[in-house]
Amino acid sequence: MTEQKRRGIYLLPNLLTTAGLFSGFFAIVSSMNGRFEAAAIAIFVAMIFDGLDGRVARMTNTQSEFGAEYDSMADMVSFGVAPALVAYNWGLTGLGKIGWLAAFIYVAGAALRLARFNTQIGIADSRYFQGLASPAAAALVAGLIWVGVEYGINGQDYGVLVAIVTGLSGLLMVSNFKYNSFKELNLHGKVPFVALLLIMLIFVVVATEPALVLFVVFALYALAGPINTFRTVDKVRLEDVVGDAVEADDVDCQSQKDCKTGDK
């Protein structure tokens with residue numbers, strides 16, 4: 001008699017995913033109670049847990065289809081719904097329909113971004129993200145709110161700016177701009193001693209003004225995608241910005257007059 005495969009789920013990676021989900025839910029509740037700084041920080045905490053669960057699953061060989069689906073749903077709450085609602089409660093309620101439409105654009109962009117990412121697992125270039133990753137978009141929105149609270153700014157007075165940043169973050173998620181994923185970094189190899197000093201310096205800089213530094217970092221990262229695209233292509237096409245991306249072989253083929261169907 002063959003032994004039946006034991007059913008169940010792996011505890012450790014899914015526990016980290018649950019912690020990220022809790023952080024996203026906590027951000028929503030905190031914004032409803034007017035605690036916007038706590039809400040913004042909770043979104044950054046969710047980013048930490050999101051970065052840990054996948055790495056822990058790979059290190060402990062506990063990857064599973066359930067874990068992948070659960071992580072995607074948790075990301076939708078933490079990096080899709082939570083940032084939009086926090087931004088809406090902080091600075092978009094005074095804009096009426098424009099306010100909640102900007103928040104919805106972000107939510108829809110996050111949902112489409114996650115769905116596209118799930119369908120490209122295993123076939124996309126791991127060195128780059130197609131479109132702004134949802135955690136980075138969430139950090140951009142949460143960073144703006146955190147900076148505003150830190151400097152005593154009333155979000156309702158700058159509702160138009162909040163709407164632009166929120167809506168633009170949603171659109172960047174569904175764009176075709178390429179963003180470096182930094183997955184090619186070798187974290188197991190040796191580094192010069194000066195690298196450790198630079199890392200310590202980065203921690204000191206972040207600790208001095210965490211809200212402002214994190215917002216500036218993720219704002220620059222959000223701008224890096226469009227800048228790299230416009231800098232690397234001779235002629236910007238619609239496919240370079242949004243829509244179905246053209247494969248590299250197709251681009252080479254279209255650039256040659258003597259290219260025939262089926263030739264590479």
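## Terms and model

Helices are DSSP runs of H or I with at least four residues, numbered from the N terminus. This is a predicted model, in which local features need pLDDT of at least 70 and side-chain atom pairs count only at pLDDT 80 or more, while totals for chains, interfaces and linings use all residues. Residues are numbered from 1 along each chain as its sequence is written, and side-chain values use heavy atoms, without hydrogens and water.

## Confidence

The average pLDDT (the predictor's confidence in each residue, from 0 to 100) is 83 for the protein, and 82% of the residues score at least 70.

## Cavity

A cavity is a set of points on a 1 Å grid over the protein atoms alone where a 1.4 Å probe fits but cannot get out; lining residues have an atom within 4 Å of a point. Grid points are joined across faces, edges and corners, and a volume is the space filled by probe spheres set on the points.

Searching the whole structure gives one cavity of 30 Å³ or more. The volume of the largest cavity is about 50 Å³. Its lining has 13 residues, of which Thr-17, Gly-20, Leu-21, Asp-50 and Asp-75 are the closest to the centre. At least two lining residues come from each of H1 (11-32), H2 (36-59) and H3 (65-92); H3 supplies the largest share, five residues. By class, the lining has six nonpolar (Ala, Val, Leu, Ile, Met, Phe, Trp, Tyr, Cys, Pro), four charged (Asp, Glu, Lys, Arg) and three polar residues (the others, Gly among them).

## Packing of H5 and H6

H5 (residues 134-150) and H6 (residues 159-173) pack with axes (lines fitted to C-alpha atoms over the stretch in contact) 9 Å apart, at an angle of about 175° (on a scale from 0 to 180 degrees between N-to-C directions). H5 is therefore roughly antiparallel to H6 (angles over 145 degrees). Ser-134, Ala-137, Leu-140, Val-141 and Leu-144 of H5 make the contact with Val-162, Val-165, Thr-166, Ser-169 and Met-173 of H6. Seven of the residues in this contact are nonpolar, three are polar and none is charged.

Methods:
1 Å grid on protein atoms, 1.4 Å probe; cavity = no way out; pocket = protein on both sides within 12 Å on 5 of 7 lines; lining within 4 Å. Parallel < 35°, antiparallel > 145°, perpendicular 65-115°, else oblique. Contact = heavy atoms within 4.5 Å.
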